[in-house]
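Here is a short briefing on one protein chain. Look over the sequence and the fold before reading on.

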Amino acid sequence: MKQFIIFFSVFSLLVSCGGNAERQFSDDVQPDDSAQLRIAVMPTLDCLPLYVADACGIFEENGLDVSLLPYTAQMDCDTAFERGRANAVVSDLVRTEMMKDKGLDLRYVTATDASWQLLTNYTSRIKQLKQLDDKMLAMTRFSATHYLSDKAVDSAHLKTARVFRIQVNDVGVRLGMLQTGIMDALLLPEPQATAARNEKALVLMDTRQIDYRLGVVAFSRRAATERQLSAFKKSYDLACDSINDQGVKYYSNLIIKRCGVDRATVDSLPDIQFNHSQEPRKVDIERAAAWLKLQKGKKDVDEQGL
C-alpha cells in the first residue's frame, strides 16, 4: 500500500510537471529561422514581386525557405491563412482588418501595389457610375472590392439596394462573366483588368487615380523570426528592383504562367512601378476599419429588425 502511494505521488508529480512544461512551451514557442514560410497568393500582379523572388532564387539566396500556395479566390486565400495552412497571405486591408477583429494575431509586413478597376461590359452601354442603377455588379463580400463598390454607389448618389452586388469570388470567373455579357459591371485587379479592357470594357473607377492603397502582405505574428522578416523584405525589394529595371513585360512568361492570362494581355499591361516594402498607410487602414465598423452596425440593426 505504501509503495502504491509513493508511485501515485511520483506519477502525479510527473503529470503536473509535464502539463506545466507543455503550457510553458506553447506560451513561449518561437518560430525557427529555418522554418518554411508558406505564403498564400493570388493570380494577380500585386503578387509579382513574390513570384519573381521565388522563380529567380532570391528567397533562397537570402536564406529563406518559401512555398507559394496559389488560390484563385481571395476568400480561399484568406481561409488558408486563417486555418494555418499558410502562415502568410497576400490580401487586402478590408480582409485583414476583419481577421484582426476575429482575434487573429497578424502583422503587416508590407503594403503591395494592388489596384482595382470598376469595369463595365461595353454592350451594357454604362458610361457613368450613375448608370449602375438597377444593374448587377460582381465583387467579393467584405473585401476591398465590396468596399470599393460601396464607394462607387455613394459617389454616384445611388440607393444601395438599387445596385445588385453579386458575390463572385474567383477572379477568372468574374472576368469571364464580363466577357460573356453575364455581368453588367465588376471590380478587377491587374492583370485581369487589362484583359477586360482588351475586350472593350470601360473603366468607371480606378483606385490608382483616387489614391487608395489597400493591398497588403500579412504574416501570422508567430510565423517568422525577425531575421526571416528582414530577409523577406530584402528579397521583396530586390524583386521590385528587378521588375522596375527590366520592366513588367520582361517577366511575361512568368505572368502568363502564374496569372493565367494570355500574351495579348501581358503585352497590353501598363508600365507599373513596384514600391519597396513599407508599412501600409495609416489612412488606408483607417478607411478599411471604419467601413467594417459601419457594416457591423448595419448587421446589428438588421438582426434587431429595426
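How many salt bridges does the structure hold? The count is 16. The model is predicted.

- An open sheet is built from 5 strands, in the order E7-E6-E8-E5-E9. Its pairing is mixed.
- The edge strands are E7 (163-167) and E9 (202-206). Each has a single partner strand, so one side of each lacks a neighbour in the sheet.
- From one strand to the next, the twist averages 30 degrees.
- Strands E6 (residues 135-139) and E7 run parallel, joined by 5 bridges.
- Met139 has Gln167 of E7 as its bridge partner.

**Helices packed on the sheet**

- Helix H6 (residues 144-155) packs on the sheet. H6 touches strand E5 (116-120), E6, E7, strand E8 (185-189) and E9.
- The direction of H6 makes about 170 degrees with that of E7.
- Helix H7 (residues 171-179) also packs on the sheet, where it touches E5, E6 and E8. The direction of H7 makes about 140 degrees with that of E8.

**Helix H6 in detail**

- H6 has 12 residues. From its first C-alpha to its last it reaches 16 Å, close to the 16 Å expected at 1.5 Å a residue.
- Why is H6 described as largely enclosed by the rest of the structure? The reason is that 9 of its 12 residues are buried.
- Those buried residues are Ala144, Thr145, His146, Tyr147, Leu148, Ser149, Asp150, Ala152 and Val153.
- His157 follows H6 and has a positive phi, near 55 degrees.

**Helix H9**

- Helix H9 (residues 226-246) has 21 residues and should span 30 Å at 1.5 Å a residue. Its end C-alpha atoms are 30 Å apart, which agrees.
- Which residues of H9 are buried? They are Gln228, Leu229, Ala231, Phe232, Ser235, Tyr236, Asp237, Ala239, Cys240 and Ile243.
- Their cover includes strand E1 (37-41), helix H2 (48-55), helix H3 (58-61), strand E4 (106-111) and strand E10 (215-220).
- Just after H9, Gly247 takes a positive phi of about 95 degrees.

**Salt bridges across the chain**

- Asp54 and Arg258 meet through their side chains in a salt bridge, at 3.4 Å from N to O. Asp54 lies in helix H2 and Arg258 in helix H10 (residues 252-259), so the pair ties together parts that are 204 residues apart in sequence.
- Asp54 counts as partly exposed, at 30% relative accessibility. Arg258 also counts as partly exposed, at 23%.
- Glu226 and Arg107 form a salt bridge between their side chains, at 3.1 Å from N to O. This pair links distant parts of the chain, with Glu226 in helix H9 and Arg107 in strand E4, 119 residues apart.
- Arg107 is buried, with a relative accessible area of 18%.
- Arg162 forms a salt bridge with Asp133, where the closest N and O atoms are 3.0 Å apart. Arg162 sits in the loop between H6 and E7, and Asp133 in the loop between E5 and E6. They are 29 residues apart, and the pair links distant parts of the chain.
- Arg162 counts as partly exposed, at 35% relative accessibility. Asp133 counts as partly exposed too, at 31%.
- A network of salt bridges links Glu190, Arg197, Asp206 and Arg208.

**Arg95, a buried arginine**

- Arg95 lies in helix H5 (residues 93-101).
- Arg95 is buried, because its relative accessible area of 6% falls under the 20% cut-off.
- What does the side chain of Arg95 make a polar contact with? The partner is the side chain of Asp78, at 2.7 Å.
- Leaving aside residues up to four places away in sequence, Arg95 touches Gln74, Met75, Asp78, Arg141, Phe142 and Ser143.

Note on methods
Residues are numbered from 1 along each chain as its sequence is written. This is a predicted model: local features need pLDDT of at least 70, side-chain atom pairs count only at pLDDT 80 or more; totals for chains, interfaces and linings use all residues. Side-chain values use heavy atoms; hydrogens and water are left out. Two strands pair if DSSP finds at least two bridges between them. Helices (H or I, at least four residues) and strands (E, at least two) are DSSP runs, numbered from the N terminus. Axes are lines fitted to C-alpha atoms, for helices over the stretch in contact, and angles run from 0 to 180 degrees between N-to-C directions. Contact means heavy atoms within 4.5 Å. The expected span of a helix is 1.5 Å times one less than its number of residues. Buried means under 20% relative accessible area, exposed over 50%, partly exposed in between (1.4 Å probe, protein chains only). A salt bridge is a side-chain nitrogen of Lys or Arg within 4 Å of a carboxyl oxygen of Asp or Glu. A polar contact is a pair of N or O atoms within 3.5 Å; within protein, one must be able to donate a hydrogen and the other to accept it, and residues adjacent in sequence count only if both atoms are side-chain atoms.
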